[in-house]
Structures are given as structure tokens and as C-alpha cells.
Amino acid sequence: MSLIKGLVSTLYCLPKVYKWFYRPYYLLSLLMTVAFPFVRCCPGLCEHLPSQREDSNSCAFDWREVEILMFLSAIVMMKNRRAITLEQHIGNIFLFSKVANVVLFFRVDLRLGLLYLTLCVVFLITCKPPIYMGPEFIKYFSDSTLDEELQRDGRVTWIVEFYANWSPECQTFAPIFADLSLKYDCLGLKFGKVDIGQYAAAAERFKVNPSPLCKQLPSLLLLQGGRELVRRPLVDTKGRAIGWSFTEENIIRDFNLNEIFQRCKKLSKGEKPEELKTLLQEAPEEEEPHDEEEEDDEEEPESKKDK
């Protein structure tokens with residue numbers, strides 16, 4: 001059943017995959033992914049490669065190369081269990097296939113290994129993954145315009161993503177965040193983005209660490225009136241992000257988007273601002289049990305005096 005489901009999902013996404021390979025990044029990644037199998041099996045090239053096969057057939061994989069390819073498949077399957085989007089699945093395949101190609105080329109010939117490794121470095125420097133350019137209802141802020149917008153109307157709830165263009169996680173999350181903005185944007189609920197690679201002051205104010213070691217990118221904050229209500233991912237005492245999956249379902253659940261959307265739509269219907277209560281006002285205030293005990297202690301001596 002799982003095999004049929006995977007096959008159906010692959011066939012469903014094939015038109016989208018075809019469009020990707022019109023872009024240089026994906027086309028070159030595909031060519032580099034199949035580089036070693038092509039060289040090993042291509043007549044005219046494979047005859048010049050050494051082989052450890054018993055039949056001395058240099059145009060077929062030997063047992064060690066098969067082991068490396070099987071190990072590659074196992075790693076990709078493990079990594080793709082946590083992948084969210086199709087871009088992440090294909091990105092994992094490209095990444096670990098290039099690593100396997102480096103090992104295989106170095107094993108066959110040192111010169112081929114150095115050549116392929118040089119091509120990988122040049123590709124990494126010159127060719128970046130394409131940035132999402134699809135439809136969205138997102139406003140892009142600087143550090144100053146974000147403060148102005150948050151203070152302009154305290155009734156408006158903002159979901160702001162703090163991101164950096166160099167982060168692969170942010171690039172993967174971009175279409176998910178854009179899709180949420182198309183579904184939930186209204187007069188009282190808005191979506192925004194801040195590039196903390198360019199505006200470090202905003203990252204410092206909202207305590208978002210851009211370091212890759214902290215793994216806080218992307219960070220998603222629910223803001224209202226300049227105050228932070230919800231943040232994902234959460235951060236531990238050491239400043240490292242607590243693991244959290246940026247799926248559409250998780251965001252809708254943890255940020256309570258459906259309920260907020262229904263409340264914020266009241267602004268578009270022309271209702272009075274007082275009827276739209278903020279999340280902070282609706283949060284129940286917990287009574288401290290310590291104060292109650294003190295009040296009881298104060299009442300006891302008074303009752304004894306009365307007696």
C-alpha cells in the first residue's frame with residue numbers, strides 16, 4: 001500500500017519536477033548526481049577505469065561500489081523521513097549523491113576525485129537554489145518599518161518570519177509560508193518577513209540568533225501591538241532551538257490560526273474595535289495560591305478577636 005501511495009504521489013508531482021529541470025540549479029545538480037554511474041557505464045570511458053570485479057569488467061559496478069550506493073540509499077531514506085516538501089526530498093537526494101560521487105571517484109582515481117570535488121565547490125559558490133517567486137500576501141520589513149507597522153494598529157495580529165537568504169531551511173519554508181498567507185490573510189491578520197541577514201537590529205530586538213549552530217532559522221513569531229505572543233521554534237537555556245517541524249499543520253495548530261482568522265475577520269465586517277479582543281486580554285489570569293493563604297491567615301486572627 002505504501003509503495004502504491006508513493007508511486008501515485010510521484011506521478012502527481014511529475015509536472016512540477018519537469019519544470020524544475022528547466023532551471024540551471026536543478027539541471028546541473030542532476031548531471032552531477034549521475035556523474036559516476038555515467039562514467040562507469042559509458043562505453044569509451046569505462047574501459048580506462050580500474051575495477052575489482054573478478055571478471056575484470058570495468059564497465060560494471062564492483063561489489064564495493066554497490067555497497068556505497070546501497071548505503072547512500074539508506075541515508076537518503078532516513079533523511080527523507082523528516083522532509084516536509086518535495087524540494088527537501090530532492091535536495092537530500094542531490095546532496096548525498098554528490099557526497100557518494102566524491103567517494104567513488106576518489107576510490108577509482110585520485111585525479112578524477114579532485115576534479116569532481118573542484119566542480120562541486122565551484123557549483124556551490126556560483127549556483128544557488130532558486131528563490132520562491134510565487135504568489136503571496138506578505139509584507140517585507142526592515143528593522144524600522146517593522147516597529148512602525150506593529151505600533152500603527154494594535155488590533156492587527158502579525159505573523160512575522162525572521163529569515164536569511166543563505167539558509168536552506170528558510171528557502172524550503174518559503175512556499176509554505178506563502179501558501180498560509182494566501183489562505184489566512186485578512187484585515188486583522190497579516191503576514192510579514194524580515195531578512196535578518198540584512199537587518200541585524202531586528203534579530204537582536206526579537207532575540208533571534210542568526211548563527212547556523214543555533215538552528216533558529218527560520219523563526220516564526222505571532223505579534224500584536226509590538227508584543228510577542230507565540231514563537232516557534234522555542235529556544236532552550238543554551239540558546240539552541242528546540243526541534244520543531246515547520247509544516248502547515250503544525251503552524252495552524254500551534255499558532256491557532258483558524259480561531260485567530262475568525263476573530264480577525266470581524267474587522268473587515270466593520271464591527272467596533274472593542275469587540276475584537278486581543279489574545280493577551282483573553283488570556284485568563286491565574287490567581288496565586290500564596291496570596292490566598294495569606295488572606296486566610298489575616299482573616300483568622302480577626303475572627304478570633306470577634307469571638
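Predicted model: local features only at pLDDT ≥ 70, side-chain atom pairs only at ≥ 80, totals over all residues.
Local features were required to have pLDDT of at least 70 and side-chain atom pairs pLDDT 80 or more, while totals for chains, interfaces and linings use all residues. Residues are numbered from 1 along each chain as its sequence is written, and side-chain values use heavy atoms, with hydrogens and water left out.

A search of the whole structure found one disulfide, defined as a pair of cysteine sulfur atoms within 2.5 Å. The bond joins C46 and C59, with 1.7 Å between the sulfur atoms. Both residues lie in the loop between helix 3 (35-41) and helix 4 (63-80), 13 residues apart; helices are DSSP runs of H or I of at least four residues, numbered from the N terminus. The torsion about the S-S bond is about 65°, so the disulfide is right-handed. C46 is buried, at 0% relative accessibility, whereas C59 is partly exposed at 27% (buried, under 20% relative accessible area; exposed, over 50%; partly exposed, in between; 1.4 Å probe, protein chains only). C41 takes part in no disulfide, and the nearest cysteine sulfur, that of C46, is 7.4 Å away.

The buried residues of helix 4 are E65, I68, L72, V76 and N80. These cover an arc of only 100° around the axis, which places them on the same side of the helix; the arc is taken from the directions from the helix axis to the C-beta atoms. M70, F71, M77 and M78 are exposed on the other side of helix 4. The cover over the buried residues includes helix 3 and helix 5 (86-108), where contact means heavy atoms within 4.5 Å.

Terms used: Helix = DSSP H or I, 4+ residues; strand = E, 2+ residues; numbered from the N terminus.
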